[in-house]
Structures are given as C-alpha cells and as structure tokens.
Amino acid sequence: MCGIVGYLGYRKAYDVLIKGLKRLEYRGYDSAGVALINEGNNLSVYKAKGKVANLEEFCSDKDITGTVGIAHTRWATHGEPSSTNAHPHYSQSHNLAMIHNGIIENYADIKNKLSKAGVEFQSETDTEVFIQLIEYIQRSQKLDLLSSVQLAMREVIGAYAIAILDKSNPDCIIAARKQSPLVVGVGEKEFFIASDASPIVEFTNQVVYLDDENVAVIERGKELRIVSKLNAELHPEIHKVELNIGQIEKGGYPHFMLKEIFEQPDCLRTCMRGRVSEDAEKVILSALIDYKKELVNAKRYIIVACGTSWHAALIGKQLIEEYSRVPVEVEYASEFRYRNPIVGKGDVVLAISQSGETADTLAALQLAKNRGAFIFGICNAIGSSIARETSTGIYIHVGPEIGVASTKAFTGQVTVLSMFAVALGKEKGMIRDADYKSVLKGLNDIPGLISKVLKQNDKISLISRTFTYARNFLYLGRGINYPVALEGALKLKEISYIHAEGYPAAEMKHGPIALIDSDMPVVAIALNSPLYEKILSNIQEIKARKGKVIAVVSEGDEKVSKIADEVIEIPNCHESLTPLLTVIPLQLLAYHIATCKGKDVDQPRNLAKSVTVE
C-alpha cells in the first residue's frame with residue numbers, strides 16, 4: 001500500500017521523482033524517500049518521516065544531481081513510520097538500494113538466516129530483508145544483480161513490486177512484481193516505473209504492465225527487456241494510456257474528494273456512453289454478448305469485494321435478483337478466501353475493485369477460478385491485475401480517483417451493476433419490457449439529476465457545521481438504500497474520524513435505539529417508497545428520544561420534513577436507481593464535516609487508496 005516511482009533517462013531524475021511521488025501520495029503518506037546515483041557516481045538515499053513536502057525540505061541542501069533514481073511514499077506495514085523505516089533501503093554494503101510495495105510474509109525466517117550469516121539490519125522492515133537477501137546471494141554466489149534478484153524471488157513468499165539501483169551499474173534499474181502493481185513507461189531515450197500510470201502520463205502514454213513474477217531490465221541506450229524469474233525472455237505488449245494531466249490535478253477545487261464528487265455527472269455519462277442507447281431503448285454490454293452462455297446459464301452469482309465496493313455489491317445483489325431472478329451472494333473478499341467456500345462450475349464470481357489491485361479481491365477470484373467458476377470483473381483501472389485475471393468484465397470508466405475516500409467509483413460501480421442487471425434480465429427473459437425501458441430511461445436521466453443534488457452543496461455545508469461536535473452518528477436506510485446508509489457511515493468514519501454505523505432502519509429497535517439521545521445525530525434516508533411510512537415511524541421514535549435527524553427525502557416531501565431537524569431533498573427517479581442520488585448528499589455531508597474539523601480529507605490517517613496487501 002505504497003507508491004513507487006523510478007526514472008532513467010536524460011532529465012534530472014530528482015525532479016521527475018518528486019513530482020511522481022506527489023501524484024502517488026494518495027497511496028501512502030507516512031514517510032517518503034528517494035535514491036539517486038549522482039553525477040559523482042555516488043548512490044545516495046534521502047528519507048523523511050511524513051509527507052513528500054518533508055522530503056523536499058530535507059533534500060534542499062543535498063546533492064540531488066543525476067539522471068537515474070527511484071523513490072517511494074510509504075504506508076507502514078512493518079515498522080512504525082520513521083525516517084529509518086522509510087524506503088529506499090540500502091543493502092549492507094550501500095552498493096544497492098531498493099523500494100518495495102507489498103509484504104514479504106517469510107521475512108522473519110530470512111532475517112534470522114541472514115543474521116546468522118553476519119548481515120546487520122538497520123530497520124524493522126521486511127523490505128530491508130529483501131534487499132539484504134539479494135546482496136547476500138549476489139556476493140556469496142558471485143552473480144550479477146539480475147540473477148540475484150531472480151533467485152531471491154524464488155525464496156521470498158508474499159507480494160511485492162520492487163525497483164533496485166546498483167552503484168556498480170549506474171545506467172540500469174531492475175524492477176519486478178508479484179501480486180502488486182507495477183508499470184514501465186517507455187519514452188524517447190528514457191524509461192519510467194511506477195505503481196500506476198498517474199506519475200508518468202505527463203511524459204509518456206506508452207506503458208508495459210508487468211505480469212506476476214516477471215522482471216524488467218531497464219538500461220540506458222537499450223530496448224526494454226522483460227524476463228521471467230527463471231530467465232525466459234518475454235515479449236511485452238506496449239499499451240497506450242488513455243489518461244491526461246487534467247484528470248489527476250485538482251482543477252481549482254480545494255480537495256480531490258470534492259472535485260471527484262462534482263465530476264460524477266460527467267463520469268456517469270462516460271460510463272454509460274456506447275452502452276445505453278440515446279433513446280434509452282437498449283443496453284449493449286460486450287461481455288454479455290461474448291460470454292452470453294456462461295452468464296445467462298449461471299446457477300448463482302457470487303460477488304466478492306471490500307469496503308465501498310462491497311456496498312456497491314449489496315446494491316448489485318438486489319438489482320440482479322430483481323431483474324434476472326438468479327440468486328446472488330455478496331462476500332467480503334477477505335473472508336471468502338479463507339473459509340473454504342463452496343464454489344465451482346456453474347457459478348459466476350463477480351469481483352469488484354476500483355483499483356483492480358485489491359489484494360483480497362484478487363486472491364478471492366483466483367481461488368474461485370481454480371475451482372472452475374467463471375470470473376467477471378468490474379474495475380476502473382485498465383490493465384490492472386483483476387482486469388487481466390478475469391475472463392471478461394466491465395470497466396466503469398470514471399477516470400482516476402485520487403481521494404482516498406471513494407466517491408465516483410461507487411456511483412460508477414452501481415451504474416455498471418444496474419446496466420448489467422437489466423441486460424442480464426433481458427437475455428434471460430425475466431424482465432418486463434416496460435421495466436427494462438424504464439430503468440434505461442432512468443439511467444439516462446441520472447447525470448442531470450445528480451447535478452441538481454449537487455446544487456445543494458452550500459446548504460449541506462451549512463448543515464455540517466451544526467454536527468461537527470458529534471462523536472457518533474447513526475445512518476438508517478431500507479431496501480436498496482440500506483447499503484447507502486453503510487456507505488454514508490463509512491465516508492464519515494474515513495475522513496472525519498467520527499464513529500458512525502449504518503443500519504437497516506427496521507433494525508434500530510433491535511439494539512441501536514439504546515444509543516439515541518440529543519448527542520447522537522441520525523441520518524435517515526426516507527424516500528417516497530412502499531417503506532416510507534415505516535421509516536417515518538423510525539424517525540418519530542428518534543425524535544421522541546430527543547435525537548437529531550438529518551433526513552434525505554424525495555422532492556416535495558411533507559411528512560418527514562415537518563419533524564426532521566434538517567432535510568435534504570433529492571429529485572424523484574426510478575426506485576432502483578435512487579442510491580445514485582441518495583449517496584451524493586452523504587458524500588458532501590462527510591466532506592464538509594471533515595473540513596470543518598480541519599481534517600485532511602484526501603489523505604486521512606492510517607488509510608491508503610489501493611489496498612495491495614492483506
């Protein structure tokens with residue numbers, strides 16, 4: 001859960017690396033470091049605790065010359081955040097330096113073996129163990145760096161994306177990966193490496209996605225070389241990245257999160273473009289065309305996901321079951337992989353992940369794949385590990401999401417699940433034609449309706465100021481909006497550090513009502529639906545106990561509006577699509593409460609954007 005970047009070429013490496021780290025800082029931000037081979041052919045490592053700005057300050061009086069280097073921004077897994085535990089890590093001789101994203105599970109055994117051989121360690125990290133192992137192999141067996149890396153890869157157990165500099169070979173970077181993302185950018189007489197394309201798109205749109213257990217040999221003046229850990233020569237495909245600088249910059253907004261909330265109307269138009277016809281008469285999904293037999297004849301769907309994606313999956317379950325009448329199970333990917341699940345031929349396992357690199361989700365789909373299930377992916381990152389591991393799937397196409405708290409990825413996932421549910425229902429003959437067209441028309445209308453909700457931003461900002469005092473929040477929803485209550489609570493927890501829980505409104509009487517008092521704000525999603533009167537009753541029970549209620553209601557509501565303390569209206573739309581509207585005010589509420597409390601909403605403590613380790 002870290003960001004790595006590297007450069008070899010004709011530019012000043014330090015400038016490229018620092019700019020890249022700033023664009024990767026959403027992946028980790030408790031320490032940062034850079035390794036450079038200077039003009040004097042010295043291998044220098046500079047590190048600092050905290051954010052990239054701290055590293056820049058530390059390097060202000062250092063030798064930062066040179067045209068080759070690697071850099072890292074860290075989210076701690078082994079060892080507390082400190083300059084000592086920050087990457088890059090030297091080998092014992094200081095001839096090698098390495099950066100690493102991932103976890104080496106057997107690092108303790110390797111460290112014990114190396115210690116007995118006389119290797120001394122400076123940090124608490126598994127990364128230093130990895131680089132010390134590489135040097136130990138290099139010296140004891142008198143091998144070159146590439147061969148040493150390949151042998152070390154066979155010995156370590158875990159996930160990694162690594163990049164290594166060698167003082168004795170200043171015109172080369174060795175990079176490798178296993179279950180952790182790594183891309184190599186190919187420019188004119190220059191190369192880049194990074195955890196994703198965002199730090200390098202300014203310089204090149206030509207990238208190679210490394211596959212598991214492959215090694216990139218990047219040398220000045222030579223073609224990019226890719227080999228396996230067994231040294232088989234490989235022939236990588238160069239991909240064109242469809243990404244521009246404007247997508248990864250704030251564009252005048254104070255935070256990426258707010259920018260991404262306001263991007264949602266355009267993002268969802270892009271998500272639906274070419275899929276839902278302009279006349280809302282049909283939805284075309286290539287995955288359902290190419291793999292119609294597997295998807296239509298599935299006995300069961302199992303959705304595996306984590307965090308926000310799991311909340312989208314809960315909505316997807318209701319949509320798929322409603323419109324295609326096939327049973328759907330939703331699993332936490334982290335639990336699915338460890339409980340010997342019953343899964344096999346005839347099942348479709350649908351993996352949802354914004355980054356396409358979520359370690360638990362990737363492992364879950366690999367388990368299901370090995371047992372014969374058909375694998376379908378929904379992700380945002382083109383060329384990601386999950387995209388490559390699945391048989392087919394759908395990209396959500398909402399553009400890069402930099403804010404750690406997911407917003408537009410959630411609505412993109414729900415949009416894709418909505419399209420898939422009705423398309424599958426149509427192919428199975430289980431959805432009425434009127435319902436099919438009604439949902440598609442509703443989807444076409446959604447971007448404009450989200451824009452209407454966003455016009456209440458100033459009002460929601462004022463509401464938020466009243467509730468910054470709170471230490472706990474309760475979110476209530478029913479039916480398809482129960483997962484939205486979970487998502488709203490998660491957003492508040494993530495960025496404001498206020499404890500919040502989401503519940504089905506009917507469950508309030510089965511425990512949570514004991515918490516209700518004047519200091520316990522409750523957010524209730526109370527739309528004009530068949531369950532409206534029941535949610536109204538819940539709100540009345542809260543008010544009877546002096547609870548404060550923020551209600552998200554349908555436009556023109558009269559009953560809830562009379563008793564709630566604060567009311568946020570959303571436009572009327574197709575009932576199955578209401579989560580795409582109800583989530584917007586909850587995103588804004590969390591954002592404004594967090595900013596009122598002075599929190600860093602884009603980089604909340606202890607969290608990283610792409611969870612590439614368990």
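This is a predicted model: local features need pLDDT of at least 70, side-chain atom pairs count only at pLDDT 80 or more; totals for chains, interfaces and linings use all residues.
Which residues does Phe 420 touch, not counting residues up to four places away in sequence?

1. **Phe 420 and its contacts.** Phe 420 touches Leu 285, Leu 295, Tyr 301, Ile 320, Leu 350, Phe 376 and Ile 394, with residues up to four places away in sequence left out. The largest nonpolar core has 96 residues. Within that core, Phe 420, Phe 473 and Tyr 475 touch the most other members. Nonpolar side chains tend to be buried together in soluble globular proteins.

2. **The sheet.** Five strands form an open sheet in the order S17-S16-S18-S19-S20, with parallel pairing. Its edge strands are S17 (328–332) and S20 (392–395), and each pairs on one side only. On average, neighbouring strands are turned by 20 degrees against each other, direction ignored.

3. **Strand S18 and its partners.** Strand S16 (residues 300–305) runs parallel to strand S18 (residues 347–353), and five bridges join them. Val 304 has Ala 351 as its bridge partner in S18. Tyr 301 stands opposite Val 348 in S18. S18 also pairs with S19 in the parallel sense, over six bridges. There, Ile 352 has Ile 378 of S19 as its bridge partner.

4. **Burial of S18.** Is S18 enclosed or open? Seven of its seven residues are buried, so S18 is largely enclosed by the rest of the structure. Both faces are covered. On one side, Asp 347, Val 349, Ala 351 and Ser 353 are buried; on the other, Val 348, Leu 350 and Ile 352 are. Side chains in a regular strand alternate between the two faces of the sheet.

5. **Aromatic pairs.** The count of aromatic pairs is eleven. One of them is Phe 192 with Phe 203. How are these two rings arranged? Their centres are 5.2 Å apart and their planes lie at 15 degrees, so the pair is stacked; the cut-off for stacking is under 30 degrees. Phe 192 lies in strand S10 (residues 191–194), and Phe 203 in the loop between S10 and strand S11 (206–209). Eleven residues separate them in the chain. Both Phe 192 and Phe 203 are buried.

6. **Tyr 301 with Phe 420.** This aromatic pair is edge-to-face, at 6.0 Å centre to centre and 65 degrees between the planes. Tyr 301 belongs to strand S16 and Phe 420 to helix H14, 119 residues apart. Tyr 301 and Phe 420 are both buried.

7. **Other aromatic features.** Phe 467, Tyr 469, Phe 473 and Tyr 475 form one aromatic cluster. Two lysines sit over rings. The charged end of Lys 111 is over the ring of Phe 121, 5.2 Å from its centre. The charged end of Lys 426 is over the ring of Tyr 436, 4.7 Å from its centre.

8. **Val 215.** Val 215 is in strand S12 (residues 214–219). Its relative accessibility is 0%, so Val 215 counts as buried. Ser 228 is 13 residues from Val 215 in sequence, yet 5.9 Å from it in space, C-alpha to C-alpha. Not counting residues up to four places away in sequence, Val 215 touches Leu 146, Gln 150, Met 153, Ile 174, Ala 175, Ala 176, Arg 225, Ile 226 and Val 227.

9. **Ser 277.** Where is Ser 277 found? Ser 277 is in the loop between helix H7 (264–272) and helix H8 (286–290). Is Ser 277 buried or exposed? With a relative accessible area of 17%, Ser 277 is buried; the cut-off is under 20%. Leaving aside neighbours within four places in sequence, Ser 277 is in contact with Lys 282 and Asn 444.

Methods:
Residues are numbered from 1 along each chain as its sequence is written. Side-chain values use heavy atoms; hydrogens and water are left out. Two strands pair if DSSP finds at least two bridges between them. Helices (H or I, at least four residues) and strands (E, at least two) are DSSP runs, numbered from the N terminus. Axes are lines fitted to C-alpha atoms, for helices over the stretch in contact, and angles run from 0 to 180 degrees between N-to-C directions. Rings of Phe, Tyr and Trp (its six-membered ring) pair if their centres lie within 6.5 Å; planes under 30 degrees apart count as stacked, over 60 as edge-to-face and the rest as tilted. Buried means under 20% relative accessible area, exposed over 50%, partly exposed in between (1.4 Å probe, protein chains only). A charge sits over a ring if NZ of Lys or CZ of Arg is within 6 Å of the ring centre and within 35 degrees of the ring normal. A nonpolar core is a set of buried Ala, Val, Leu, Ile, Met, Phe, Trp, Tyr and Cys residues joined through side-chain atoms within 4.5 Å. Contact means heavy atoms within 4.5 Å.
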